[in-house]
Amino acid sequence: MDDIGGHDILGNPVSARAPMAMLAELTHRCPLACPYCSNPVELTRVNSELSAAEWADVFQQAAAMGVLQVHLSGGEPASRRDLAEIAASARDAGLYVNLITSGIGLTQARLRDLDAAGVEHIQLSLQGIDAEMADWIGGYTGSFARKMQVAEWIGEIGFPLTLNAVVHRQNLDRLPEMIDLAERLGCRRIEVATVQFHGWADLNRRPLMPTLEQAAEARKVVNEARLRLRGRMVIDYVPADHHATFPKSCMGGWASTGINIAPDGTVLPCHAAQTIQSLEFDNIRARSLAEIWYNGRAFNAFRGTAWLPEPCASCDRREIDYGGCRCQAMALAGDPTATDPVCSRSPLNPVLKAQAQQDAVSEDVALVYRRMPKETRA
Amino acid sequence: MTAPSLPDDCVPYLPRGVRLHDDKVRGIRVLLAPERAISLDPVGDAILSELDGARTLGDLIAELAARYQAPAEQVGQDMREFLTGLIDRRMVFLRESGARGA
């Protein structure tokens, strides 16, 4: 395929390959209020959401460009009544259709509709191992019981299921029980992802930051469980990067493999990219997806490695982690071109590590919940 | 790595949520699975394309050995290694040959 390209933030020529995956954020509406929600702090209102017909067109464009998989997400995608129609249009486009849900809002009948629509895999979020923890974190009484009911229906229909456990200081000690639960539910996979401290989670660093001891114990638990469950259940683990030596290769490199579409059609290289306010993002209502992917200035801004500053520019890991996460650099260093401060080679790393350790011993358990601004009725 | 020890009479199959796909944009065959897309070489594609949920591993080895005029022992070892990797990742499931007929 042709490599088409533009210029990075410093004017160096860059090129891009075809994208592999799309995260389709169908809505920011959600019955839950998790204090680490990955949606932006400025949430999109319902009246600017893309219609099902617009999504169908996005999926056709995506498949024609080489996207293989779409992840239907949100907010809570089930908050859209036309979810099955949207899923069917993604499958019609030839995409592998994955649904990422809290389960709240799904009924047995809706799950059957999603089955008929061609949904191929479901990822069910897990906030805690019991109602006390899960309902507190999700800010929704009864959510855990409902979720367990939904998991049972998912199993009856036969959808392959992954449990998405988001872990932090308040629930990390119960990781072994989360893995047991996933096994009991017949999951093929469990994803154990430590909270990423951006956006809403950044407002909750004190109650949520794991301790060093917890992070080390979690690694041990994961390693033991992987051995024990080999061939029965896969465990994907995203460790706490504030305690790591090197940053994660965020998104496998900026705008290298995935496209994120926000509910209003804004096209982003990752779900948090709008925190970089110096970038301007195109909307699918105004330009084609291919034009945005290959020529959009925000997509080209941090492609490749030529724009990297020191210490990244001469680092032997620059093709491994591409300087880490741009949004984290923005949040922690105030500069989207900076070395991700979670890297031990960043000059800001000692301050960050000290702050993380201080956050981790905080006795603060007051959560700032994610809330939508009240809709004003016209 | 432990030596693959799949018996000849097991029946490997692609479970729900795992499927082969023609990637026309890149001109390759891929295996699509939850959160994963694996590009397949012609050998991997040939093996997975034969999984019909009915024939045993022994049948499949004989079939591919004949088709590619390769020693069955070598084909069997390659297939067991390839399939074991995918079984560990929950992308290929096994059933006992006696349990077929569903």
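User: How many residues of domain 1 of chain A are in contact with domain 2 of chain A?

Analyst: In this predicted model, chain A is divided into domain 1, spanning 21-243, and domain 2, spanning 258-343. Domain 2 of chain A brings 23 residues to the contact, and the number from domain 1 of chain A is 24 residues.

User: Which residue forms a salt bridge with A:Arg285?

Analyst: Between domain 1 and domain 2 of chain A the count is one salt bridge. The closest N and O atoms of the pair formed by A:Arg285 are 2.9 Å apart, which is within the 4 Å cut-off, and the partner is A:Glu54.

User: Which element gives the largest share of the side of domain 1 of chain A that touches domain 2 of chain A?

Analyst: Twelve residue pairs are in polar contact between the two domains of chain A. The elements giving two or more residues to this side of domain 1 are β3 (21-25) and α1 (52-65) of chain A. The largest share amounts to six residues, and the element that gives it is α1(A).

User: What is the area buried between chain B and chain A?

Analyst: The contact takes 34 residues from chain A and 23 residues from chain B. Carbon and sulfur atoms give 47% of the area buried between these chains, and the total is about 2200 Å².

User: Which residue of chain A forms a salt bridge with B:Asp88?

Analyst: Across the interface of chain B and chain A there are four salt bridges. In the one formed by B:Asp88, the closest N and O atoms are 2.6 Å apart, and the residue of chain A is A:Arg230.

User: How many disulfides are there over all chains?

Analyst: A disulfide requires two cysteine sulfur atoms within 2.5 Å. The cysteine sulfur nearest to that of A:Cys34 belongs to A:Cys30 and is 6.5 Å away, and A:Cys34 is in no disulfide. A:Cys343 is likewise in no disulfide, the nearest cysteine sulfur, that of A:Cys315, being 6.4 Å away. Over all chains, the count of disulfides is zero.

Note on methods: Residues numbered from 1 in each chain as written. Chains lettered and ligands numbered in written order. Predicted model: local features only at pLDDT ≥ 70, side-chain atom pairs only at ≥ 80, totals over all residues. Heavy atoms only, no water. Domains from an automatic or database assignment. Contact = heavy atoms within 4.5 Å. Salt bridge = Lys/Arg side-chain N within 4 Å of Asp/Glu carboxyl O. Polar contact = N/O pair within 3.5 Å; in protein donor to acceptor, adjacent residues only side chain to side chain. Helix = DSSP H or I, 4+ residues; strand = E, 2+ residues; numbered from the N terminus. Buried area = accessible area lost by both parts, 1.4 Å probe.
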